[in-house]
Structures are given as structure tokens and as C-alpha cells.
Amino acid sequence: MKKVFLSASALGLLLAATSCDKDLLDENPRSILVPSFLGTPEGVQAGLTGVYSGLRNVMGNEEAEYMAVQGTDEWMRGFAATQGYEDYNPALLNSQNSAVTNQWAIIYRYINGANGVIQYAGTVQGLAPTTITQVVGQAKLLRAHYYFMLVQYFGDVPLMLNFVDAPTKDISRAPKTEVYNAIIADLNDALTNLPDRTSGYAATGTGRVTRATALHLLAKVHLTRASSTAKQADDYAKAKQYAEELISNRTRYGVDLEADVADVFREGNENGKEVLMNVQFNTDPTFTGQDPFSPTGANQTNFFFRSRYDLLPNMVRDIPNGRPYGRFCPTPFLLDSYILPGESGRSLRSTDTRYNKWFTTVYRVNSTGTGAANGGRATAVIGDTAAWYTGRPLSAAEKARIAARPNGPYTVIEPAGYSNLFSPVMNKFDDVTRTAVNNPSDRPLIVFRFAETYLIAAEANLYLGNTAAAVGQINTLRQRAGAAGRKAQMDITASQLNIDFILDERARELCGEQMRYFDLVRTGKLVERVKAYVPVSQNRTTAPAGPYGSDAARNVRDFHVLRPIPQTEIDRTGGKITQNPGYN
């Protein structure tokens, strides 16, 4: 199949709509996407597919993950971080930074694609009116999503709502009030024109957005705007309204919480009932980036949260354990957030099951015999324990029992020995079906899920003074995560609820899902929590030893609530696009 291209503008507004698997978004692409083609049934569908394809470049690749995940209270420098987000390094996190430069250009590229679809869909002959309405509704929701990312990252941004098919330098930043108004207008239109479920589409609906997506995103946008300089008096009420409409009508929309948190990220369940929006990937190189060393169009999330397990005795790199491309290391705050008051010793993290289901702490022998990896035992048994991240200090008796095991001892790594190279690993995005050890994932990537709807409703209710409702919504999620027979122990009371508790709960539930930076900025907690929870750079001497922590707490400043504007955009517009404070 051919790729679809459009001439670029000064902002790099290039629509690169790659062809899609027929089980996802059906199309019959043409070589050139121009206004005359967008006005045809074939062209408007190809244009919409292009707008969807942009999600594969702003969700799940290395640079997108840097911008939204790193430098927070959840994740600190991994063993291979390179762009300065992990420690707010001014020599790297500036107007020349490749992540902001590329993400800005990519997002505007696909905004322009959405503009083309919206602008020319009304001229199409030969498609049913319902189909045209749905096409426009999808394009508007996706445009809103792209602009929501931009306004959270950069604040005031150029507001481009018309199709650009020729270069222009006459571009400047619009006040965020105007940007939010445009986002909300698009989402309200989508709310009217999208089906409740993906089955409501004439074409196969897998991967398409729905009215449920619009409700969730409207709630999230209003919640975010409520604490910004663009805030409106009814924002918290609107956030509550839209979130609770989705929660109350879950049967109508075909969504619900998974009964077991282990199923939320179970491989093969990426289109499950908890998923409100995802990004489709597969192994077709015309659809999904397959280059292990390029982020273009690839789902690389299975790379980033790795440890150097391949340096442990009796362990070699393999597909199930993933490519150790560790960009992110969990903070002590994140790992300890799953401990309930009163837990100690072996009971630590045993009531809240999310830790043991979403983090890998045990590695199994995959190299034995003569020449076993990393000085491992030749007599080790394949599948036996190779290493254990204990999560707590072990007693002398426990260590003695491990040393005296009939199959031989294994590597024990206590919390004092955790480092940027060796620490528990989040496994939400693991992909054991990849065909090669360095390949990116072909799993669809979840963007929004129903669990967050409860957290949005709870936060809005907290600010509205509806504490009982907020507690109930939080407890619904916490009970879902509770161990059998101990779910009541997960409940909280009104006296425990405040914005810090909600942030803690969002960390426990949503860690690593490309939203923590936004959460901390929205709640005004970025600087406070980075300073409180990210360990300072140090060299740990407890085995296996190594570097730990980062300079984030020392370097983070108030202006880091925005990312730098790419210098390329300032230069291309002759300075009409201006820089955010604090950056050079």
C-alpha cells in the first residue's frame, strides 16, 4: 500500500497518513492528499486514517514518554536517560531539545490533517450523512486530544483550525483560554456525533473513538482547565458531570472496570471493557514502525521500564524479559505507595495487589550449564529463581535459608541495593509475543481507561466539597485492587482524603501511563513532589551497587510547569512565536 502525503507549512504541518490494517480503520489510500481528494469519499476516509495514525507518534515512543513520564515523583533517571527531562538539566532541556521539537511538529502535522477532514467532509458526495457526521466527530475529538496535549505542555500555542496547504510564517501563540474553548467545542460536537460504542460504526470500529471517549476527555479537560489561568467557574462541576455520566451509564457505553487488575494490561486485552481509547499497532511495517532504533510510529513502551536483568547471574537477554533500554527507574515513593498502614515484614504490599501484579520482582534462570551467563551456576535449573527484588530488608535467617537452598542460592537485591540499573520493573507494557528481542511492541497502547474516570470524578468532587462522593469513587477502585478477603482494608475515610491522597492513588493506579507530568502540573505539585520524593544523585555501595537518584530535586524550578518552545518555530515565524519563561 502507498503512503499519503501533503505539502508542509512552516510549522511542519505534514499529514503522513500511512495505510491501515483492514481490521482497524479501512481505507483505500491515494498517493497525494490535497483539497480535491479530501472532498471525495476515498479521500476523507484516508484523511481520517491519517489523523489516527498520528497517535502512533505521540503516544508510546521514546521522546513522547520523556516529556510526560520522566522527572516526576514516580520515575527518575534510568540507566540510559539522555535528554535532560529526568533531572531538568538546562544544558539539554532547552529550546534545542529534540523531543519538544519533534513532538510539536508531529502534533501540528496531524492537527492539520484533522482540519482538512473537518473542512472538506461537507463537500463529499457518495457517503451516507451518518458516515460523514461520524468522520467529522472523530476528527474533532482527535484534534481536541492533540491540542490538549499542546496546551498542557506549552501553555499558549498557535490555534490552527483551518487546513493549511501552503507555507506560511504568519503564526503566533493564541491565549490558552482560546485553545481550551476550541478543545471543548470540538469535544461537545464529538459528543453529539459519535456512537456510544465502536460497534456503532459502519466500518470495523476497533481503535476508533466513541461518545464514551468524548465524555472522559471532556471531564479531564474541564478538570485541567479548572486549575489553570483559563479557568471557568463551572469547570469542576462540568468535570464531575461528564465523568459521572460515563460512570452511571457504563452499560450503555459498554465499559466497566476489570474485576482483576491483572486483566487490565493482560496481553490480548488491549481492547477490553476498561479501555476508552487506545492506539493501534501491529507488525505490518507500513502501519507500525518496526525499526528497533527509531521511534517513528513505534510502540516502544516495553523497552523503557527495564532493569539490567541481563547482567545478573544465570540471566541473558530474552524476549519475555524485554529489551533492557531503561529510561525510567521507579522512585522509592512509587514502590512504597502500595504499602498500607500497619503492614510490615512479609505482609508489605500484600493487601493492595497492584504492586505484585504490575511490577516484576522475580527473575527466572534462563542460562545454565558450562559458561552460564554472568558467572552463574552451571548447575542452576532453568525456570528456578535467578534474582529477587525483596521490597524489604531480609532477616539473617531468611538470607541463610536462601544460601542453603538445594538448587543453590540466587541473587537477593534488597531496597538498599536498588539502583538505576537494578530495581523492580513495571510490566504493564510487556510484550512476550515479539519476534525478536530488540523489536518494538505490536500491542495496542491504552491511552484512556475507565479507572481514570473514577479518579477524575473524585478529584472534581473533592474540590466541590462533595467529600462522601469522592471517597466512594476512590474506594471503588481501591476495593477492586484489594486482595481476596481484605478488600475492606483498602477503604479510606473522608478524613484521609485530600489532593495529595488523590495524587498518590493516581500513581498507584496509573503509573507509567504517560500522564504523571500533567497530573503534577494540574495540581500545582510538580516542584513540591519532585523535591520531596526524588532521591539525590548518589552511588550506592550495597550489592549490586551502582548510581541511584538524580539531580531533579536540585534543578527543578517553577517555570518547568511548561516545556520549552522549539527554537525552530521561533525562527521560522520571525519571533512571532515566543519562548516560555526560563528557557533559552
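A residue is called buried when its relative accessible area is under 20%, exposed when over 50%, and partly exposed in between (1.4 Å probe, protein chains only). The model is predicted, so local features need pLDDT of at least 70 and side-chain atom pairs pLDDT 80 or more, while totals for chains, interfaces and linings use all residues. Residues are numbered from 1 along each chain as its sequence is written, and side-chain values use heavy atoms, without hydrogens and water.

Select Tyr-153 and Phe-518 to begin. Tyr-153 is buried at 1% relative accessible area, and Phe-518 is buried at 9%. The whole structure holds 29 aromatic pairs (Phe, Tyr or six-membered Trp rings with centres within 6.5 Å; planes under 30 degrees apart are stacked, over 60 edge-to-face, the rest tilted). Tyr-153 and Phe-518 form a tilted one, 4.9 Å centre to centre with 55° between the planes. The two residues, in helices H6 (residues 129-154) and H18 (residues 516-522), are 365 residues apart (helices are DSSP runs of H or I, at least four residues, and strands runs of E, at least two, numbered from the N terminus).

Next, select Tyr-363 and Tyr-389. Their rings pair edge-to-face, at 6.3 Å and 75°. Tyr-363 is buried at 2%, and Tyr-389 at 1%. Tyr-363 lies in strand S5 and Tyr-389 in strand S6, so the pair ties together parts 26 residues apart in sequence.

Finally, select Tyr-325. Arg-323 lies over its face, 4.4 Å from the ring centre (a charge sits over a ring if NZ of Lys or CZ of Arg is within 6 Å of the centre and within 35 degrees of the ring normal).
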